Amino acid sequence: MSFSAFDAWWWPFAFILVAGWLATDSWRYLGVAFGGRMAEDSEWLVLVRAVATALVAGVVGNLIFFPTGALATTPVWIRVAAVTAGFAAYLALGRKIIVGIIVAEAVFAALLLGL
């Protein structure tokens with residue numbers, strides 16, 4: 001079975017829904033089933049955290065250096081400056097994710113609008 005298996009308007013949506021669900025929720029259920037029984041500092045959980053962090057870093061790197069859509073029309077230096085400011089605020093102001101996001105968005109908007 002493939003993405004182009006059927007020629008119905010609803011098939012791509014059903015395919016994405018099922019493939020997306022299988023790819024994410026099955027791992028979530030396994031994590032819930034086994035995560036509670038494992039020590040927080042076990043080698044498996046350390047590996048899972050490292051892989052998850054690497055995936056997030058890869059997505060952020062792609063958004064900064066290889067963006068698509070409207071983000072692709074912005075200069076690279078603005079994207080790098082916004083992420084740098086957001087990360088610095090995150091570290092300096094108590095390691096709160098929301099603070100880093102708000103600062104990064106504010107810096108991005110201010111630089112983009114020339115303020």
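Is Asp-25 buried or exposed? At 17% relative accessibility, Asp-25 counts as buried, where buried means under 20% relative accessible area, exposed over 50% and partly exposed in between (1.4 Å probe, protein chains only). Before the close-ups, two notes: this is a predicted model in which local features need pLDDT of at least 70 and side-chain atom pairs count only at pLDDT 80 or more, while totals for chains, interfaces and linings use all residues. Residues are numbered from 1 along each chain as its sequence is written, and side-chain values use heavy atoms, with hydrogens and water left out.

View 1. The structure holds one salt bridge. Both partners lie in helix α1, three residues apart, about one turn of the helix. Helices (H or I, at least four residues) and strands (E, at least two) are DSSP runs, numbered from the N terminus. Arg-28 counts as exposed at 56% relative accessibility, whereas Asp-25 counts as buried.

**View 2. A nonpolar patch on the surface.** Leu-17, Val-18, Trp-21, Leu-22 and Tyr-29 make up this patch, with about 550 Å² of accessible area together. Patches are made of residues with over 30% relative accessible area and no salt bridge, with like charges joined within 9 Å and nonpolar side chains (Val, Leu, Ile, Met, Phe, Trp, Tyr) within 5 Å. Areas come from the Shrake-Rupley method with a 1.4 Å probe; for residues, only the protein chains shown count as cover. Look for Tyr-29 in helix α1 (residues 11-35); Tyr-29 is exposed, at 52% relative accessible area.

View 3. Val-80 sits in helix α3 (residues 76-92) and is partly exposed, with a relative accessible area of 31%. Leaving aside neighbours within four places in sequence, Val-80 is in contact (heavy atoms within 4.5 Å) with Ile-64 and Phe-65. Its C-alpha atom is separated by 33 Å from that of Asp-25, 55 residues apart along the chain.

**View 4. The largest pocket.** Its volume is about 630 Å³, the space filled by probe spheres set on grid points joined across faces, edges and corners. On a 1 Å grid over the protein atoms alone, a pocket is an open set of points where a 1.4 Å probe fits, with protein on both sides within 12 Å along at least five of seven lines; lining residues have an atom within 4 Å of a point. Of the 18 lining residues, Val-60, Val-83, Gly-100, Ile-101 and Ala-104 lie nearest the centre. Helices α2 (43-65), α3 and α4 (97-113) each give two or more residues to the lining.

**View 5. Arg-95 in the loop between α3 and α4.** Arg-95 has a positive phi of about 55° although it is not a glycine. Arg-95 counts as exposed, at 56% relative accessibility.

How values were computed
Salt bridge = Lys/Arg side-chain N within 4 Å of Asp/Glu carboxyl O.
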